[in-house]
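Biologist: I would like to learn how to read the charged pairs and the core of a model like this one. Could we go through them slowly, with the general idea before each case?

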Amino acid sequence: MKKHTLIAVIAAALLAPAVKAADVTEADLQKAMKDVQAGVGAIRGSNGDVAAAATAAKSVEAALASVEGFWKARKDDAAVKMSADSRAAALAIAKAADATAQGEASRAMFGTGKACHDVHREQLPDKSYKLK
């Protein structure tokens with residue numbers, strides 16, 4: 001994993017503020033989802049480096065806290081549960097003792113993310129997305 005990517009992931013995890021549900025806007029959701037995407041990319045690119053995947057997973061978990069806050073503010077219990085499940089999987093990746101366990105937790109996290117996107121996003125003709 002490149003040094004600058006690792007530094008960015010660590011910084012995102014450490015600088016993520018505590019989130020109040022009412023304070024999370026759609027713009028915050030978009031930023032958090034980009035942070036999740038960056039962390040997921042780092043997990044996928046870790047190539048069996050357990051420490052690198054764990055660090056990336058911690059940043060994903062921090063970003064998902066914002067996502068969960070957004071859905072709590074919207075009172076969407078299904079989305080809150082999906083966010084919480086993804087956060088739990090991210091923590092499992094971070095705590096896993098080996099790459100095999102990280103892989104299992106990663107598959108759970110990726111599956112939950114896809115399910116949430118399928119329910120809550122709509123693809124527009126220009127291939128961008130909007131919330132349903």
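Biologist: How many residues apart are K72 and E68 in helix 3?

Modeller: Helices here are DSSP runs of H or I with at least four residues, strands are E runs of at least two, and both are numbered from the N terminus. In this case K72 and E68 are both part of helix 3, where they sit 4 residues apart, about one turn of the helix. Before we go on, please keep in mind that this is a predicted model, in which local features need pLDDT of at least 70 and side-chain atom pairs count only at pLDDT 80 or more, while totals for chains, interfaces and linings use all residues. Residues are numbered from 1 along each chain as its sequence is written, and side-chain values use heavy atoms, with hydrogens and water left out.

Biologist: What do the side chains of K72 and E68 form, and how far apart are the closest N and O atoms?

Modeller: A salt bridge is a side-chain nitrogen of Lys or Arg within 4 Å of a carboxyl oxygen of Asp or Glu. K72 and E68 form such a salt bridge, with their closest N and O atoms 3.5 Å apart. By this rule the count comes to 7 salt bridges. Another one joins D118 and K114 at 2.8 Å, N to O, and these two residues both lie in helix 5 (residues 99–120), again 4 residues apart, about one turn of the helix.

Biologist: Which parts does the salt bridge between E61 and R87 tie together?

Modeller: In the pair E61 and R87, the closest N and O atoms are 2.6 Å apart. Because E61 lies in helix 3 (residues 50–73) and R87 in helix 4 (residues 77–95), this pair ties together parts that are 26 residues apart in sequence. E61, R87, E68 and K72 are linked in a network of salt bridges.

Biologist: Is E61 buried or exposed?

Modeller: Buried means under 20% relative accessible area, exposed means over 50%, and partly exposed is in between, with a 1.4 Å probe and protein chains only. E61 is buried at 14%, whereas R87 is partly exposed at 24%.

Biologist: Which residues touch the most other members of the largest nonpolar core?

Modeller: A nonpolar core is a set of buried Ala, Val, Leu, Ile, Met, Phe, Trp, Tyr and Cys residues joined through side-chain atoms within 4.5 Å. The largest one has 23 residues, and those that touch the most other members are V36, I43, V60, V67, W71, I93 and M109. Helix 2 (26–44), helix 3, helix 4 and helix 5 each supply at least two residues of this core, and helix 3 gives the most, with 8 residues.

Biologist: What does V67 touch, leaving out residues up to four places away in sequence?

Modeller: Contact means heavy atoms within 4.5 Å, and V67 touches L29, A32, M33 and S83. For the protein chain, residues 24 or more positions apart account for 62% of the contacts with a separation of 6 or more.

Biologist: In what order do the elements of the protein chain run?

Modeller: The protein chain has 5 helices and 2 strands, and from the N terminus on they run α-α-α-α-α-β-β. Of its 132 residues, 35% count as buried.
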